[in-house]
Amino acid sequence: MKVSVLDQTQLLEGISAEEGFAQSVELAKHVDKLGYHRYWLSEHHSTDVLAGSSPEILASYLLANTEKIKVGSGGIMLPHYSSYKVAENFKVMSALASGRVDLGVGRAPGGHHLSTMALQGERHRNVDIFPEQVDQVLEYLQDKLPDTHQLRGLLATPVIEKKPDLWILGTSNSSALLAAEKGLPYAFAQFINYQPEGMEQAIELYVDNFKPSSYLDSPQVLVTMKIIVADTDEEAEKIAESALRFNFYLHRGHLTRLVEPEKALSHVLNPSDKREIEAVKETYLIGSKETIAQKIKDLTTKLPIDELMAITPIYDFEKRKRSFTLLKEAVTK
């Protein structure tokens, strides 16, 4: 099974954005050497917790600092932008790092209403145009505007031999059906939608309704989950507490930086809050290499997953790197 990384450039308590990006560079180099397949960057705005406001710029830098791993967006929030400019940005990257560039696109805002207003200005768009924008990006990437297109004759430059791979990102049945209709690979964000049966339904709809296209012959499914691996189950449970605290406050409408696990859940005292934490923990993959290997086997036996992408919010950076080392060993057992 292919294994990959989603990096939200999530900042730790007490560090700067500059230090956070330096960790992203070091982590990308680390997983590149380990043989990971992809390294994707997310897009978030107007928060001092998630630093990745421009995944295409960070992706370009990481491409220049790695050797083999595919790098891209997970994803570009397409309704904010010109499809033409998105296509040109990623064609430039592909010209610089041929065969290593992914363009994952989604329809979520990646922030609140103020950042949406700032990004779109007076051009405020409805997310309902997302399917149309996907078509536009594909046309620009393939240098094939229809003869009936109002901009026929327009080129998205540079004209390149190897195009970036376009992925549909989503958390719902509608995104699954869109990817199936377009004949494109589908990335399901289980770490966002971990409702019971949500992932199962979306993947089933995608696979059952997939239409082969010039881009893809058969369904291709990637699932992104929060995965935390350590040398023992007990250590993994402990270092996961930083991420669980993040979820605890996220459910209450607050984004918080990662804090050290020793104090992450010290304030969670009443029984209902503890039950909430335990319920969220069940949506993660947490454990030793052996435990994670079994959990992945159970997951892939149940669902047609081609690739597992890990988001690993661990406070201690060396333990975060260790988690990715162990995860790679777990999937290759």
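**Lysine 91 and its partner**

I looked up lysine 91 in this predicted model and found a relative accessible area of 0%, so lysine 91 is buried. I then asked which residue forms a salt bridge with lysine 91. The partner is aspartate 143, and the closest N and O atoms of the two are 2.6 Å apart. Lysine 91 sits in helix 3 (residues 83-96) and aspartate 143 in the loop between helix 5 and strand 5, so the bridge ties together parts that are 52 residues apart in sequence.

**Other salt bridges**

I noted a count of 21 salt bridges. I wrote down lysine 182 with aspartate 135, where the closest N and O atoms are 2.9 Å apart. This pair links distant parts of the chain, with lysine 182 in helix 6 (residues 173-182) and aspartate 135 in helix 5, 47 residues apart. Is lysine 182 buried or exposed? Its relative accessible area is 15%, and buried means under 20%, so lysine 182 is buried. Aspartate 135, at 29% relative accessibility, counts as partly exposed.

I next checked glutamate 241, whose side chain meets that of lysine 238 in a salt bridge at 3.3 Å, N to O. Lysine 238 is partly exposed, because its relative accessibility is 34%. I also recorded a network of salt bridges that links Arg38, Lys70, Asp102, Asp165 and Glu307.

**Helix 5**

Aspartate 135 sent me to helix 5. Helix 5 has 12 residues and reaches 16 Å from its first C-alpha to its last, close to the 16 Å expected at 1.5 Å a residue. I listed its buried residues as Phe130, Gln133, Val134, Val137, Leu138, Tyr140 and Leu141. Why are they on the same side of helix 5? They cover an arc of only 165 degrees around the axis, and that puts them on the same side. I kept the general rule beside this entry: an α-helix has 3.6 residues a turn, so residues three or four places apart point the same way. What do the buried residues of helix 5 pack against? I found helix 3, strand 4 (101-106), strand 5 and helix 6.

**Nonpolar cores**

I looked up the largest nonpolar core, which has 68 residues. Tyr39, Leu103, Val105, Val134, Tyr206 and Leu327 touch the most other members. Apart from this core lies another, of 17 residues, with Leu244, Val259, Tyr284 and Ile314 among them.

Neighbours within four places in sequence aside, valine 105 is in contact with Ile76, Leu78, Phe130, Val134, Leu166, Trp167, Ile168 and Leu169. Two of these, Phe130 and Val134, are on my list of buried residues of helix 5.

I then went to the loop between strand 1 (2-7) and helix 1 (17-34), where glutamine 8 has its place. Glutamine 8 counts as buried because its relative accessibility is 10%. Which residues is glutamine 8 in contact with, leaving aside neighbours within four places in sequence? I wrote down Ser42, His44, Leu50, Ala51, Gly52, Phe191 and Ile311.

Threonine 9 lies in the loop between strand 1 and helix 1. Its relative accessible area is 5%, so threonine 9 is buried. I flagged its phi, which is positive at about 40 degrees although threonine 9 is not a glycine.

**Backbone entries**

Glutamate 197 lies in the loop between strand 6 (186-189) and helix 7 (198-209). With a relative accessible area of 42%, glutamate 197 is partly exposed.

I also noted cis peptide bonds. The bond from glycine 74 to glycine 75 is cis, with omega near 0 degrees. Glycine 75 is in strand 3 (residues 70-77). The bond from threonine 157 to proline 158 is cis too, with omega near 5 degrees. I placed proline 158 in the loop between helix 5 (130-141) and strand 5 (165-170).

Methods: Residues are numbered from 1 along each chain as its sequence is written. This is a predicted model: local features need pLDDT of at least 70, side-chain atom pairs count only at pLDDT 80 or more; totals for chains, interfaces and linings use all residues. Side-chain values use heavy atoms; hydrogens and water are left out. Helices (H or I, at least four residues) and strands (E, at least two) are DSSP runs, numbered from the N terminus. Buried means under 20% relative accessible area, exposed over 50%, partly exposed in between (1.4 Å probe, protein chains only). Contact means heavy atoms within 4.5 Å. A nonpolar core is a set of buried Ala, Val, Leu, Ile, Met, Phe, Trp, Tyr and Cys residues joined through side-chain atoms within 4.5 Å. A salt bridge is a side-chain nitrogen of Lys or Arg within 4 Å of a carboxyl oxygen of Asp or Glu. The expected span of a helix is 1.5 Å times one less than its number of residues. The arc is that of the directions from the helix axis to the C-beta atoms.
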